Amino acid sequence: MGQSSDRSSGPSYLFNPFTVATCLARSTTVFSNCAILYAIASAVGRKPSKSMLALAFAAYFSLYPALLLPPMILLCHDQSVAAKSSLGTAAMKLASFFLGATAWLLTLSYMLTGQSWEFLRSSYGVHLLLPDLTPNVGLWWYFFIEMFDSFREFFLGVFWLHLVGYVGGLCFRLRKQPLFVLTTLIGVFAIFQPYPSIADASLYFSLIPLYSHVFPLMRYTFFAIATVLYATLLGPAFYYLWIYAGSGNANFFYAITLVWSLGLSVIVGECLFAVLRDEWEVERPEMKGKDVRRI
């Protein structure tokens, strides 16, 4: 990553139309996004304690940032100046600090709510158990509307296992690039978490310019951008036709959310391909610019 990439990530977040729309909507997701960005900045700035504290706040605001803990630990360890301790020792210390900070925040909430733990079910239980099936830009709501109640618990586990499964695989395959793992996971969460919004996509789009040097290696950039723009323009129209005008049904809106998820998936996949291709060309300079065929 060059200095131009670092300078472009700030404006790409501040002037992103999705970020502006999120601020106009007064979404509380901005607090979670702020905490995630501060955690990443602290990790890169060799301040692991502040990074874990900020990540604890992000997980406290919204449950899914807790899944960013493994790559955040890797990033803190790699950015350490001395790095005298092993990865296992550093991981234990940082994870303990994160869990302690999270426990302190939950205890504080327990005290503020009249010494009751009911807030856990009303906040984090909503993410885990999906009681609210209000239409959104995610993939879960329509699936569970059509789901028989007898299979609900099973598919809840499957969906969450699918989301969690990306963490270990990406951390293992991209061990040398934990910052890109964080970026990719944020993009994955914008697609597959239970209640996503455009605020999650705006955070992912703001981090992509950090890897602008691999943009020439992407293959389907126009298709991905066109798909996202198509869904962005038609999404509100389809929602209006269904909810307010009554001239459509749930399939109208769910179809456009599938297009939105397709566009984001292509962007995530293309970024992943480009970074892996760049890594491969660095390891094998003689293959730079040559076509690759899967056998």
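Tutor: Contact, in what follows, means heavy atoms within 4.5 Å. Helices (H or I, at least four residues) and strands (E, at least two) are DSSP runs numbered from the N terminus. This is a predicted model, where local features need pLDDT of at least 70, side-chain atom pairs count only at pLDDT 80 or more, and totals for chains, interfaces and linings use all residues. Residues are numbered from 1 along each chain as its sequence is written, and side-chain values use heavy atoms, with hydrogens and water left out.

Student: Thanks! How many of the eleven residues of helix 5 are buried?

Tutor: Buried means under 20% relative accessible area, exposed over 50%, and partly exposed in between (1.4 Å probe, protein chains only). Leu 69, Pro 71 and Met 72 are among the buried residues of helix 5, and their cover includes helix 3, helix 4, helix 6 (87-112), helix 9 (152-173) and helix 10 (178-192). Helix 5 is mostly covered, and the count of buried residues is eight.

Student: How is helix 4 oriented relative to helix 5?

Tutor: Axes are lines fitted to C-alpha atoms, for helices over the stretch in contact, and angles run from 0 to 180 degrees between N-to-C directions. Helix 4 (residues 48-61) packs on helix 5 (residues 69-79) at about 165°, with the axes 10 Å apart. Under 35 degrees counts as roughly parallel, 65 to 115 as roughly perpendicular, over 145 as roughly antiparallel and the rest as oblique. That makes helix 4, relative to helix 5, roughly antiparallel.

Student: How many charged residues are in the contact of helix 4 with helix 5?

Tutor: Pro 48, Ser 51, Met 52 and Leu 55 of helix 4 meet Leu 69, Met 72, Ile 73 and Cys 76 of helix 5. Ala, Val, Leu, Ile, Met, Phe, Trp, Tyr, Cys and Pro count as nonpolar, Asp, Glu, Lys and Arg as charged, and the others, Gly among them, as polar. By class, there are seven nonpolar residues, one polar and, for charged, none.

Student: Is the crossing of helix 12 and helix 13 left-handed or right-handed?

Tutor: The axes of helix 12 (residues 221-243) and helix 13 (residues 250-283) come within 8 Å and cross at roughly 160°, and the two helices are therefore roughly antiparallel. A crossing is left-handed if the near helix is turned anticlockwise from the far one by less than a right angle, and right-handed if clockwise. For helix 12 and helix 13, the crossing is left-handed.

Student: Which backbone oxygen does the side chain of Asn 136 reach?

Tutor: Asn 136 sits in the loop between helix 7 (118-129) and helix 8 (140-145), and its relative accessible area of 12% makes it buried. A polar contact is a pair of N or O atoms within 3.5 Å; within protein, one must be able to donate a hydrogen and the other to accept it, and residues adjacent in sequence count only if both atoms are side-chain atoms. At 3.1 Å, the side chain of Asn 136 reaches the backbone oxygen of Thr 134.

Student: How far is the backbone oxygen of Asp 132 from a polar atom of the side chain of Tyr 195?

Tutor: Tyr 195 lies in the loop between helix 10 and helix 11 (198-207). Its contacts include Asn 136 and Asp 132. From the backbone oxygen of Asp 132 to the side-chain polar atom of Tyr 195, the distance is 2.6 Å.

Student: What is the phi of Arg 26?

Tutor: Most residues other than glycine have a negative phi. Arg 26 is in the loop between helix 2 (17-24) and helix 3 (29-44), and counts as exposed at 75% relative accessibility. Although not a glycine, Arg 26 has a positive phi of about 55°.

Note on methods:
Lists of a residue's contacts leave out its neighbours within four places in sequence.
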